[in-house]
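Please look it over before going on to the points below.

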Amino acid sequence: MDLHPESLGSKFVEDPQAFYRRLRPSGPVHQVIVWGGVRAWLITGYEEAKALLADPRLAKDHFKALELFPPGLGGPHRSPLSANMLHADPPDHTRLRKLVNKAFAARAVQHLRPRIEQIAEELIGDLDTRVTVDLIQSFALPLPIRVISALLGIPEADRAAFVSWIEPFIGSTSAARQRSAEEALGDYLPRLLADKRAQPDDDLLSELVAVSEDDDRLSEAELLSMTFLLIMAGYETTVNLIGNSVFALLRDRDKVARLRADPTLLPAAVEEFLRLESPLNTATTRFTIEPVRVGDVEIPANEFVLVALLAANHDEARFNHPEELDFTRSANQHLAFGHGIHYCVGAPLARLEGEVALGRLLDSFPNMALDTTKPVPQYRKSTLMHGLRTLPVVLNG
């Protein structure tokens with residue numbers, strides 16, 4: 001038991017693995033301080049993490065979680081758009097997930113491959129090969145935004161504005177700018193959904209508007225929050241997947257050569273990047289609704305629990321030589337997309353985007369390298385997300 005809980009502050013964000021290595025000898029469960037003063041339980045072991053991600057005694061109800069924050073701290077931003085299935089528990093979650101799964105099944109992800117490849121080629125064509133390029137701003141950020149726009153069926157005339165409303169949700173943007181962007185989305189999305197209802201098209205939003213199961217449909221409020229969730233969940237995590245993957249790859253030139261020589265390794269490489277540099281540092285917040293015993297530790301009821309996905313994916317009890325980048329790793333059952341009923345519904349799309357992005361970059365820039373004249377890339381200040389602020393590269397290094 002941690003007698004003096006450590007804070008998940010800036011040192012944790014910049015090098016979470018050093019933090020986890022320090023904690024690991026004392027067991028898989030640790031008390032920590034997070035969000036400016038809230039005590040929580042951090043789970044770092046793979047088996048314990050996997051079990052808790054599927055444990056019904058850990059709840060996710062967003063509005064009940066807000067009630068657990070100490071007076072004066074307030075908790076996360078309160079928004080009607082946050083009332084989605086990611087922050088819901090059964091039976092509400094079960095109903096919403098069934099409808100969303102049905103809509104996704106109707107929009108098979110693989111049919112998006114040509115469009116994703118086209119977007120990647122367009123972005124690569126816009127890169128200036130004569131100077132250092134920030135691959136986050138010029139490639140990793142715009143690719144998933146444009147893919148989401150295509151998936152949801154955002155009209156071409158609205159896409160520039162749509163992108164401007166999405167971008168503030170990543171990085172160090174002010175809270176005021178985020179609220180302004182959220183208000184703009186809150187104004188735009190109902191009009192977009194009304195258009196899809198009046199004139200359905202071959203896109204995911206039209207499918208969500210129309211989907212039904214046993215005469216059940218998504219309400220207007222549920223459609224709004226679900227659309228917001230799909231935008232947010234499909235954006236930032238994919239940015240991190242692309243950026244983190246390239247950063248890890250360019251630090252191992254032998255692996256670059258191997259991937260270029262054998263592109264059939266790309267799907268396995270994406271899985272290994274997901275394990276090694278998980279786009280999410282911790283899973284989204286859960287809290288206990290009754291006491292839960294984890295090994296020798298009993299977590300009381302009404303306590304926050306953070307499942308450290310990045311730590312679990314480096315657990316030596318589950319992965320041999322977890323710090324190594326190994327494209328031939330067998331049974332790579334990482335937890336980057338979670339586990340249980342909240343397993344990421346967009347996982348197939350994220351994998352596809354990662355595979356296409358890496359493949360096109362390697363094909364286009366065989367000599368791409370990190371720009372060592374620039375400061376070492378830093379991670380964004382987030383307990384939840386694990387992603388780079390910038391990634392300066394020389395495309396023809």
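How many positive and negative side chains does the protein chain have, and how far apart do the centres of the two sets lie? There are 42 positive and 54 negative side chains, with the two centres 2 Å apart. Lys and Arg count as positive and Asp and Glu as negative, while His and the chain ends are not counted; each charge is placed at NZ of Lys, CZ of Arg, CG of Asp or CD of Glu.

This is a predicted model, in which local features need pLDDT of at least 70 and side-chain atom pairs count only at pLDDT 80 or more, whereas totals for chains, interfaces and linings use all residues. Residues are numbered from 1 along each chain as its sequence is written, and side-chain values use heavy atoms, without hydrogens and water.

**Overall form**
- The protein chain holds 17 helices and 11 strands (DSSP runs, H or I of at least four residues and E of at least two, numbered from the N terminus).
- Along the principal axes, its C-alpha atoms fill a box of roughly 55 × 55 × 40 Å.

- Of the 397 residues, 53% count as buried (under 20% relative accessible area, 1.4 Å probe, protein chains only).

Terms used:
Buried < 20%, exposed > 50% of the residue type's maximum accessible area, 1.4 Å probe, protein only.
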